[in-house]
4 protein chains.
Amino acid sequence: MRLSPEPDTRAPWRLRVHEVIFEAETPAGKRFDVALMIAIMASVGVVMLDSVDTVQAQYAKALFAAEWIFTILFTIEYVLRLLTVKRPGAYAGSFFGVVDLLSIVPTYLSLFFPGAQYLLVIRLLRVLRVFRVLKLANYTTEGQTIMRALRASRRKITVFMFTVLTLVTILGSLMYLIEGAENGFTSIPKSVYWSIVTLTTVGYGDIAPQTNFGQLMASVIMILGYAIIAVPTGIVTVELSNAQREEALTTRVCAGCGLEGHAHDALYCRRCGGGL
Amino acid sequence: MRLSPEPDTRAPWRLRVHEVIFEAETPAGKRFDVALMIAIMASVGVVMLDSVDTVQAQYAKALFAAEWIFTILFTIEYVLRLLTVKRPGAYAGSFFGVVDLLSIVPTYLSLFFPGAQYLLVIRLLRVLRVFRVLKLANYTTEGQTIMRALRASRRKITVFMFTVLTLVTILGSLMYLIEGAENGFTSIPKSVYWSIVTLTTVGYGDIAPQTNFGQLMASVIMILGYAIIAVPTGIVTVELSNAQREEALTTRVCAGCGLEGHAHDALYCRRCGGGL
Amino acid sequence: MRLSPEPDTRAPWRLRVHEVIFEAETPAGKRFDVALMIAIMASVGVVMLDSVDTVQAQYAKALFAAEWIFTILFTIEYVLRLLTVKRPGAYAGSFFGVVDLLSIVPTYLSLFFPGAQYLLVIRLLRVLRVFRVLKLANYTTEGQTIMRALRASRRKITVFMFTVLTLVTILGSLMYLIEGAENGFTSIPKSVYWSIVTLTTVGYGDIAPQTNFGQLMASVIMILGYAIIAVPTGIVTVELSNAQREEALTTRVCAGCGLEGHAHDALYCRRCGGGL
Amino acid sequence: MRLSPEPDTRAPWRLRVHEVIFEAETPAGKRFDVALMIAIMASVGVVMLDSVDTVQAQYAKALFAAEWIFTILFTIEYVLRLLTVKRPGAYAGSFFGVVDLLSIVPTYLSLFFPGAQYLLVIRLLRVLRVFRVLKLANYTTEGQTIMRALRASRRKITVFMFTVLTLVTILGSLMYLIEGAENGFTSIPKSVYWSIVTLTTVGYGDIAPQTNFGQLMASVIMILGYAIIAVPTGIVTVELSNAQREEALTTRVCAGCGLEGHAHDALYCRRCGGGL
């Protein structure tokens, strides 16, 4: 929580509860976070088991009960978060605020729309808090390096994706004309789907070219995909390399000769030997 | 349009129309470009829907009408472009000139060859103008960096592709001898197709080796493909890294001789020896 | 074996046997290691052949005998290793000690649990000693460079894997809702399995989306997988590059303070400022 | 041909023929090479068509004749090469000497072993001479850069391949125990084949895990393959980068300050400004 100049007018119990469920530094806060983590994992496990026919047939009632117990617990937690936080609106609108809400809504929805409870797996996103709980400062840094690299390559990836989408649409339409509905390419959208399956080298094989010319075209697309897959890899590698170099190089400049880019542990300039 | 010393002899209406359909800077030009973009997207959507049986069965007439309306609009636009541009020949021969023409021809062709209208998806290429319309100067730069990297690696990729094609032909023929027609490898061209499917790790599974020796050979090809896929990735990564470094380097220019692209720690121009 | 100050109290025959089975430098030790290597390879071959029905039907007795002969030989070897090594406990708990034990246990287990003998392939891990036997010092270095790079990227890979696992669980659940049991997505765990098959671009095709919306979702996942596969590649490439640079850099040592790893163009030690 | 101090004792006709079939610089030599190229391509095309049932049914005689004509021509060429070259033994043992021989043998073998003629596709390797014919010096350089990078990473790739092979054997055996013959994993060798298909992300789907535990194991293998595929890519990228940098950097050293690594077009040292 950021320090704020305005005096804190929250009642003592609100401050106490806030400390437990929002902070990870205090013993009580840490214990709460670990318990929450286990509850989230367990509840996602329940949802997954609930979808397995053989398990469902035998333990329908237990799973149903467990789902509701977890949901009620998470609902209480969500309400407490809203009540004890200083700016409930800011919390409700934040990433974890939205995820916390989405984690309980599906169970209530399932009363009206059977099956909605499977959306509960979105609770897994709450586990991303694990990084904070376990004080994995280093892991957070690593995650940030990856994020920085991906953000830096955002524009290149966009241009690349746009080109790939144009390509698969045109190639898919060509294959629709070449192979036709009798070979499984029943429409352009389906052919575009096949193009994506092929270009990304997934290759399910549910649709595959049958004619000689279609197989020739497919070969061209695959060879093309070979070269194309190199592009995002290259982009991310270069950006990751940049992100890491920036980290490694302190921005210190030698007062004597002005050389930049000194190693982290450098005490003297490597060119002129002057102290840094 | 480049400035030209010869006086512009086009009639005022041609200048006005030219401004609207060629320029993206003026309000009218921008509005035209956005409308065009939407029309292109919509017309491609119509073509794709037209190929879906269930949609076609119900809305055949509406789709047919929409296709012709879009084509007539694009035809008028193409004629106007030809009439108002200064050098119609240069435009007609340029990349976008050819794409603009190819975007209207298929509908007329479909009168004689049913099905030709599906080629209309080539209109999508016109959307590449989106980069100009949205003044995405940065995106264009990113696209150019990728293009530069791909151009620089052109020769390496060619050598690589040539080697891969020789390899898949020989491997495909071997598999034809090992597996034979009874296991789906009905001819050498089909076996080469299988080789490409395997080496690129697409793996449809429509043809798969059945004999023990064939599966051993296939394993070798797959392990080989593992090492081979690393090559284009490596090539593009290195070139992308180079392309980006060159970009980063061109910020300093020698006052003496105007040379660009000095190393980060350069104090003197590497060509004329003058201080930077 | 490390030199130790305490006097070696092992009987002469133990020292002699130890030299043969643990050392690779002496002629006897080398001959033993090569024989061991061949025995391991042969015994793994026997286990693999034993699992092939047609071979098993014809040579059941010979294979059974060979398996027991190899196991008894390896048991004798293991006992000798335990008897002759200085600290039997340290050996038994070391990586190769555990592997040596696991290499003989399955045959004995197969007396009670038929099929357990197939676990004998774990013997293959013993072949990793090949690097020592063939004195492939260079290969060991290369292996270490790769290991160092993988270790350095451990944390980034962990963060990445965690994100991917969260992603495939959520995507799998969505596909379960979209496609449902009638299209092969019979449960959330099975749908998550399909997500992994798709995102890693393996694409068996045993489960494939049938509905239009499902195929659209699958396309998004595949395109996503395209960008995602670039991340581990980028991470490992950058770390490998770092690991190799570090290797290259350690050739110069500061005479003053002994610091290694100076930059290529360094004239002065970055720690003590002394000339290099 | 290398210059040799010993006087050339070959008859004039031998020198003349040698010039035509071995040299690519003279007009006659170039014309011969281009004709040879076309003949090779055409003959490979004939072999491929010969394997297609429908074509074979109709043009059996013409294809048979064409194959023999090409083979006789190539036989004459091979004999002439042997007769006119200075050291016939050295030529016969060289890479292209062996390929030239292998290019004619299969047709003769097909008299005794029907089907052997399909091995003729090995003729394609002769096309690698195309680089020499078209004087594609630059392409040769690019090819050499790739070869150098692959050679430099040879040891790392070997270590990597060895580890992967050990891994797929152990994983394949585990899957054999988990899934068993009733789910398509009929033997350990077949399970190892499946492991390779999965780890390389080819994923035919001819064999796919059916049990829950098998699918869990398969998921682990796929996620593992994700990280593993990054390794050869990283290795080749780093080596390619090195190979290219070595090319780019002349080994010139500044006489004034000793700085290495000057750009190709550098006339003055970038650090001290002294002439190079």
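Chain C and chain D bury about 4200 Å² between them, with carbon and sulfur atoms accounting for 73% of that area. Buried area is here the accessible area (1.4 Å probe) that two parts lose on being put together, summed over both. The size of an interface is often given as the accessible area lost when the parts come together. The side of chain C that touches chain D draws at least two residues from each of helix 2 (27-50), helix 7 (130-133), helix 8 (137-152), helix 9 (154-179), helix 10 (188-199), helix 11 (212-228) and helix 12 (230-249) of chain C. Helices (H or I, at least four residues) and strands (E, at least two) are DSSP runs, numbered from the N terminus.

The structure is a predicted model, in which local features need pLDDT of at least 70 and side-chain atom pairs count only at pLDDT 80 or more, while totals for chains, interfaces and linings use all residues. Residues are numbered from 1 along each chain as its sequence is written, chains are lettered from A and ligands numbered from 1 in the order in which they are written, and side-chain values use heavy atoms, with hydrogens and water left out.

Across the interface between chain C and chain D, 50 residues of chain C are in contact with 48 residues of chain D, contact meaning heavy atoms within 4.5 Å. Three residue pairs (both at pLDDT 80 or more) are in polar contact between chain C and chain D. A polar contact is a pair of N or O atoms within 3.5 Å; within protein, one must be able to donate a hydrogen and the other to accept it, and residues adjacent in sequence count only if both atoms are side-chain atoms. The number of salt bridges between chain C and chain D is zero. A salt bridge is defined as a side-chain nitrogen of Lys or Arg within 4 Å of a carboxyl oxygen of Asp or Glu.

Chain A contains 12 helices and zero strands. Of the 276 residues in chain A, 49% are buried, where buried means under 20% relative accessible area, exposed over 50%, and partly exposed in between (1.4 Å probe, protein chains only). Among contacts in chain A between residues at least 6 apart in sequence, those joining residues at least 24 apart make up 53%. Accessible areas come from the Shrake-Rupley method with a 1.4 Å probe; for residues, only the protein chains shown count as cover.

On chain A, a nonpolar surface patch of about 590 Å² is formed by Leu101(A), Val105(A), Leu109(A), Leu111(A), Phe112(A) and Phe113(A). Patches are made of residues with over 30% relative accessible area and no salt bridge, like charges being joined within 9 Å and nonpolar side chains (Val, Leu, Ile, Met, Phe, Trp, Tyr) within 5 Å. Phe112(A) is located in the loop between helix 6 (105-109) and helix 7 (130-133) of chain A, and it is exposed, with a relative accessible area of 64%.

Over all chains, 12 salt bridges are found in the whole structure. Side chains of opposite charge can pair when their charged atoms come close. In chain A, the side chains of Asp100(A) and Arg81(A) form a salt bridge (3.9 Å, N to O). This pair links distant parts of the chain, with Asp100(A) in helix 5 (residues 95-102) and Arg81(A) in helix 3 (residues 53-84), 19 residues apart. Asp100(A) is buried at a relative accessible area of 3%, and Arg81(A) is buried at 2%. A network of salt bridges links Glu77(A), Arg81(A) and Asp100(A).

In chain C, Asp100(C) forms a salt bridge with Arg81(C), the closest N and O atoms being 3.9 Å apart. Here Asp100(C) lies in helix 5 (residues 95-102) and Arg81(C) in helix 3 (residues 53-84) of chain C, 19 residues apart, so that distant parts of the chain are linked. Both Asp100(C) and Arg81(C) are buried. A further salt bridge joins the side chains of Arg16(C) and Glu19(C) (3.6 Å, N to O). Arg16(C) and Glu19(C) are separated by about one helical turn because they stand three residues apart in helix 1 (residues 12-22) of chain C. Arg16(C) is partly exposed at 45% relative accessibility, and Glu19(C) is partly exposed at 30%.

Two residues of chain C have contacts that reach chain A. Gln215(C), in helix 11 of chain C, counts as buried at 7% relative accessibility. Apart from its neighbours within four places in sequence, Gln215(C) is in contact with Lys190(A), Tyr193(A), Glu179(C), Pro209(C) and Gln210(C). Ala230(C) is placed in helix 12 of chain C and is buried, with a relative accessible area of 0%. With neighbours within four places in sequence set aside, Ala230(C) is in contact with Pro232(A), Thr233(A) and Val236(A).
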